Amino acid sequence: MRKMIEGSRAVAEAVGLCRPDVISAYPITPQTHIVEDLSQMVADGDIDAEYVRVESEHSAASVCLGAVAAGSRAYSATTSQGLMLMVEVLYNIAGMRLPLVITGVNRALSAPLSIWNDHQDTMALRDTGWLQLYAENSQEVLDMHIQAYKISEDDRVLLPVMVCMDGYVLTHTYESVDMPTQEEVDAFLPGYDPLYRLDPDDPYTLGAFADPSLYQEMRYEIQRDALASKAVVKEVAADFKAAFGRWMGDVLDPYQCDDAETIFIGLGTVVGTLKEWVDVKRGQGEKVGALKLRCFRPFPLEELREALGNAKRVVVVEKAVGVGAYGIVAAEVRAALYGQASMPPVTCAMAGLGGRDITFETFEEMLKRAQAGESDLFAGMRAELLEAS
Amino acid sequence: MTATKKKRRKPPLGIVTRPGSSLRNKTGSWGILRPVFDWEKCTGCNTCETICPEGCIRHLEKKQYEADMEYCKGCGMCAEACPADAITMEEEHR
Amino acid sequence: MSAPEFKYEITRGFLPGHRACAGCGQASAVRLIMETVGPQCIVANTTGCLEVFSTPYPESAWGVPWIHSLFENSSAVAAGIEAALKKQGKLDAVKVLAFGGDGATLDIGFGAISGMFERGHDVLYVCMDNEAYMNTGVQRSGSTPFAAATTTSPAGRRSFGEDRPKKDLPAIAAAHGIPYVATASMTLFADLRRKVKKAVGIRGPKYLQVHVPCPPGWGYDEKLTMEVGKLAVECGLYPLVEWEDGEVTRVRKIKKVPVEEYLKGQRRFRHLFRTEEGKGLLAKIQELADANIEKYGLVD
């Protein structure tokens with residue numbers, strides 16, 4: 001059914017359709033509308049779930065951990081400082097191979113305090129063992145949650161999934177979306193059937209400690225399964241297309257990349273702006289393309305190489321900083337291309353930090369500076385601030 | 001674990017530990033003392049069986065207590081706590 | 001002698017083969033608690049002595065479903081288990097327990113346990129109080145008693161050991177208005193059994209703080225665990241009190257022995273018996289015990 005709703009509302013409704021049993025929520029801007037909407041839905045009986053109003057994000061994640069271990073489907077959402085506070089629990093959930101979906105609303109990290117959008121928070125989680133999907137628009141973010149549960153609970157995966165959603169840009173804007181029906185979602189996503197659970201009739205111990213004779217192999221299995229989960233991400237996206245008729249890419253989504261000389265890579269909503277700009281450039285006769293990186297973890301190595309294969313230049317639009325080193329996504333793109341037959345120069349263009357707008361002008365600046373040979377740059381800067389300091 | 005229609009994978013390595021699998025660890029080898037129970041003095045209060053940290057003291061008949069030397073660490077709590085002084089600790093290198 | 005083999009059913013809840021120190025108060029307490037609660041339960045456990053000595057993969061001493069997550073979150077994990085069981089309609093039949101040491105409960109897990117109490121989850125939280133971070137090597141916690149020596153509050157030329165009084169978590173728990181709070185000692189096992197039985201029969205958050213002597217941490221011969229633990233109660237330093245809905249409803253009367261009787265047998269208080277300053281501190285500790293006796297009416 002088509003509706004004109006806020007991005008947060010789209011997520012709340014999609015999560016509701018996934019029939020969560022336990023929702024734990026701690027409020028933090030700009031995630032608040034999601035948990036408020038879910039709260040109202042539970043209060044009205046539209047969702048049949050236990051809603052736990054936790055006292056911190058660390059507990060929010062811990063409640064989800066306990067609920068999933070006890071055999072129920074769970075959900076939480078947070079951002080920025082909240083993600084950082086629950087980091088050790090995120091490692092714990094992945095390490096214990098518990099399926100879970102959390103919405104990671106993307107917001108800048110303190111200090112300085114900022115409630116506005118960038119990707120520093122979820123980029124900091126790239127080694128936790130969580131799969132990461134980045135949504136371009138409201139339709140995609142709602143579809144992603146339904147896919148995320150299916151991916152996470154798959155026996156070949158058994159790793160939690162974070163659906164990354166740009167704060168304010170996506171949470172607080174209204175778009176027209178097609179919301180599936182409960183019947184459609186039930187047909188696509190069956191109930192959670194745990195491989196192991198806490199059950200007095202069949203008791204197990206979960207979370208035993210591992211000495212050096214075991215830990216490395218457990219870590220290896222996580223890496224092995226995380227890499228193998230790429231196939232599941234693709235499979236679920238294809239199944240979703242067959243069931244719902246919608247496709248926005250699986251691990252990547254190239255736009256006008258086939259004959260592109262310069263390809264811009266982006267994650268999340270910036271891709272929407274990129275595509276518009278690419279249309280303008282194409283109109284000017286410039287062979288530019290936009291490559292959406294939809295699945296960041298696992299990193300789509302082969303698919304990226306193939307998509308970038310013919311490009312003479314790559315510009316990675318990064319809404320995060322690998323402080324003291326290189327761009328985070330750019331470093332991984334460079335690593336993917338290292339030693340390949342075609343190794344175009346990769347420019348890391350950091351922009352949009354702390355909610356700074358990324359516009360066509362920003363892309364023009366990135367392109368110009370990349371063509372001038374800069375390999376790591378900050379775009380859209382206010383030079384007068386730096387001169388003054 | 002649920003065994004449903006579809007054959008499922010085994011849990012990943014190290015995730016699930018079987019209940020009571022500690023029984024393979026014979027902690028009796030730790031101790032150099034063993035409790036000796038004087039069944040004549042015993043009043044059947046059951047203190048020793050209750051407090052043993054290993055849970056390896058039992059009685060088959062009333063007032064006939066004994067310790068499982070496969071697990072007894074020889075701590076001596078039972079002997080000290082026995083209100084009837086019916087337990088003594090003797091040296092035994094296991 | 002061909003007696004039948006010893007048999008250990010997993011329905012006991014906590015089985016031999018664990019790696020607790022000989023004479024461990026915690027192991028004794030946990031055995032008793034699990035046998036009282038029965039097999040229809042789920043336990044969430046913090047990192048600490050109990051977790052480490054009971055679950056070195058692939059060995060587990062637990063006969064009930066049991067989960068260990070992190071150091072400070074057993075109350076939140078238990079809350080999640082409780083919410084799931086509620087949704088599954090199983091909360092009437094299955095009890096949810098959380099175990100944590102004093103460090104995990106009073107210090108690092110303080111926020112989480114307060115939240116669990118405040119939200120009213122049907123969880124019994126049992127704190128194993130051996131009065132320091134024992135698993136990591138006897139560092140002080142908020143529960144370390146006044147003047148006790150630990151590795152981070154050692155007695156030295158410029159220090160007499162722990163210089164702060166014990167954090168009163170039972171009173172804090174009671175202040176949340178939860179249905180049942182009790183302190184207990186593993187050495188008074190009939191009393192502990194009664195309190196556990198009572199707690200599992202009540203719906204809502206319950207807090208049980210169990211004093212568990214620690215031979216290596218406190219510095220006494222392991223066979224004396226029962227004696228040391230009893231003296232702690234009988235001198236008034238560890239009052240056994242029950243609160244219901246925030247009010248004291250019952251205390252265990254004591255005969256009252258001087259605190260020296262309790263302290264002199266433990267290496268962690270040994271420094272108090274060697275100096276003039278120590279004498280003064282012993283008097284201070286006696287005042288603390290007397291204050292407890294007065295406050296809770298422990299002596300007839």
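Just after helix α9 of chain A, the residue A:Gly245 takes a positive phi of about 75°. The model is predicted, so that local features need pLDDT of at least 70 and side-chain atom pairs count only at pLDDT 80 or more, while totals for chains, interfaces and linings use all residues. Residues are numbered from 1 along each chain as its sequence is written, and chains are lettered from A and ligands numbered from 1 in the order in which they are written.

**Exercise 1.** Describe the length and the bend of α9(A).

*Solution.* Begin with the extent: α9 covers residues 215-244 of chain A, which is 30 residues; helices here are DSSP runs of H or I with at least four residues, strands are runs of E with at least two, and both are numbered from the N terminus. Next, take the span from the first C-alpha to the last, which is 41 Å and close to the 44 Å expected at 1.5 Å a residue, where the expected value is 1.5 Å times one less than the number of residues. Finally, look at A:Lys230, where α9(A) bends by about 25°, an angle between axes fitted to the seven residues ending there and the seven starting there.

**Exercise 2.** Find the buried residues of α9(A) and the elements against which they pack.

*Solution.* A residue is buried if 20 or more other C-beta atoms, placed from the backbone, lie within 10 Å of its own. In α9(A) the buried residues are A:Asp225, A:Ser229, A:Lys230, A:Val232, A:Val233, A:Val236, A:Ala237 and A:Phe240. Their packing partners in chain A are β6 (131-134), α7 (138-152) and β13 (295-297). For the chain as a whole, buried residues make up 56% of the 389 residues.

**Exercise 3.** Work out which parts of chain C touch chain A, and where strands of the two chains pair.

*Solution.* Count first: 39 residues of chain C are in contact with 37 residues of chain A, contact being C-beta atoms, placed from the backbone, within 7 Å. On the chain C side, β1 (41-45), β2 (66-68), α3 (74-88) and α5 (110-119) each supply at least two residues, and the largest share, twelve residues, comes from α3(C). Then turn to the strands: β9 of chain A (residues 205-206) runs parallel to β2(C) and is joined to that strand by two bridges, pairing being defined by at least two DSSP bridges. Within β2(C), C:Trp66 is the bridge partner of A:Thr205.

Conventions
Two residues are in contact if their C-beta atoms, placed from the backbone, lie within 7 Å. A residue is buried if 20 or more other C-beta atoms lie within 10 Å of its own, exposed if 12 or fewer, and partly exposed in between; C-beta atoms are placed from the backbone.
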